[in-house]
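Please examine the sequence and the structure before reading each solution.

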Amino acid sequence: MTAPYEAITLLEEDNVAWITFNRPDRLNALNDQLLEELGHALDFLATSDSRVIVLRGSGRAFSAGYDVGSDSDEIGYAHERSPVEDRDRQLANIDLFLKVWRHPLPVITSVHGFCMAGATQLCVFSDITIVAEDAVIAASPAVPIGGGFISPLWATIVGPKRAKLMSFDAGHRISGVTAVEWGWATEAVPADALDEHVRALAVSIARTPTAILKLKKEAINRVSELQGLVTIGRMGAETDALLHLTPEVQLLQNLIKERGLKGAIAHFNSGEMKF
């Protein structure tokens with residue numbers, strides 16, 4: 001069946017549910033509508049006949065991360081939020097991704113093209129991440145408009161030094177192959193084989209009854225939770241909200257409003273900014 005969504009599509013077939021991010025003109029950037037629809041779809045699938053969920057992106061990218069364009073809710077209305085409202089907004093994103101983590105069904109993220117910043121948070125909370133070998137993956141935005149929200153989650157998987165590399169060097173990118181070598185992703189396959197590989201994997205997993213998959217998932221998740229994964233994710237919202245109050249971040253937010261995201265990135269990379 002196909003549900004009446006706009007920012008995503010939902011298709012169920014062969015005991016596999018395919019959720020596709022459907023904002024290809026914005027590289028599937030995560031705006032409020034897409035996140036809300038994703039949450040609704042996850043709730044619906046918790047009681048469906050599907051046994052596996054696959055998250056993927058339409059067009060050229062899995063997702064460019066949170067929508068931080070000049071007209072986005074994240075940037076355009078940032079000045080209207082109090083510090084607590086800003087913290088709560090970030091926590092709401094983590095709570096949504098925890099729906100993936102705690103979902104009774106296994107969730108596979110199928111990553112091609114760009115997977116940037118907030119989209120990597122989503123992948124961390126998924127169960128299996130399959131990437132195209134030539135995927136472009138970055139933990140931090142190309143302009144440092146926050147911090148401490150995404151990279152600490154990377155540290156739980158790739159270690160603190162690699163997480164710091166991805167965090168300190170704004171927009172630092174790795175390939176799908178490197179992501180597997182680091183342990184951030186599960187497998188890397190050629191881009192033209194990604195869909196077929198993920199489909200075969202999902203169908204194979206779906207042979208196992210849901211009750212068995214659910215308890216297997218919970219058992220492994222407990223290990224990461226005992227190591228602090230969920231706490232780390234929620235703590236990051238406070239650090240990010242604090243940084244949003246700094247003059248440096250507010251300067252960069254205003255730059256995005258004035259020049260657009262691409263213009264702001266170019267100006268930041270020019271080295272001409274005076275902080």
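**Exercise 1.** Determine which element gives the most to the lining of the second largest pocket.

*Solution.* Helix H9 gives the most to this lining, with six residues. The second largest pocket itself holds about 570 Å³ of space. Its lining comprises 23 residues, and Ser126, Asp127, Ile128, Ile220 and Asn221 are the closest to its centre. Two or more lining residues come from each of helix H4 (118-125), strand E7 (128-132), helix H5 (151-158) and helix H9 (210-226). Helices (H or I, at least four residues) and strands (E, at least two) are DSSP runs, numbered from the N terminus.

A pocket is defined on a 1 Å grid over the protein atoms alone, as an open set of points where a 1.4 Å probe fits, with protein on both sides within 12 Å along at least five of seven lines; lining residues have an atom within 4 Å of a point. Grid points are joined across faces, edges and corners, and a volume is the space filled by probe spheres set on the points.

The model is predicted: local features need pLDDT of at least 70, side-chain atom pairs count only at pLDDT 80 or more, and totals for chains, interfaces and linings use all residues. Residues are numbered from 1 along each chain as its sequence is written, and side-chain values use heavy atoms, with hydrogens and water left out.

**Exercise 2.** State the volume of the largest pocket and describe its lining.

*Solution.* The volume is about 1,100 Å³. The lining has 44 residues, with Ala64, Val68, Pro141, Ala142 and Leu261 nearest the centre of the pocket. Helix H11 gives the most, with six residues.

**Exercise 3.** Find the partner of Asp67 in a salt bridge, and decide whether Asp67 is buried or exposed.

*Solution.* The partner is Arg23, at 3.1 Å from N to O; a salt bridge is a side-chain nitrogen of Lys or Arg within 4 Å of a carboxyl oxygen of Asp or Glu. Asp67 lies in the loop between strand E4 (61-63) and helix H2 (73-76), and Arg23 in the loop between strand E2 (16-21) and helix H1 (32-45), 44 residues apart. Asp67 has 8% relative accessibility and is buried; Arg23, at 13%, is buried. Buried means under 20% relative accessible area, exposed over 50%, and partly exposed in between (1.4 Å probe, protein chains only).

**Exercise 4.** Identify the salt-bridge partner of Asp43.

*Solution.* Asp43 meets Lys99 at 3.0 Å, N to O. Asp43 is in helix H1 and Lys99 in helix H3 (residues 83-101), so the bridge ties together parts 56 residues apart in sequence. Asp43 is partly exposed at 45%, and Lys99 is partly exposed at 33%.
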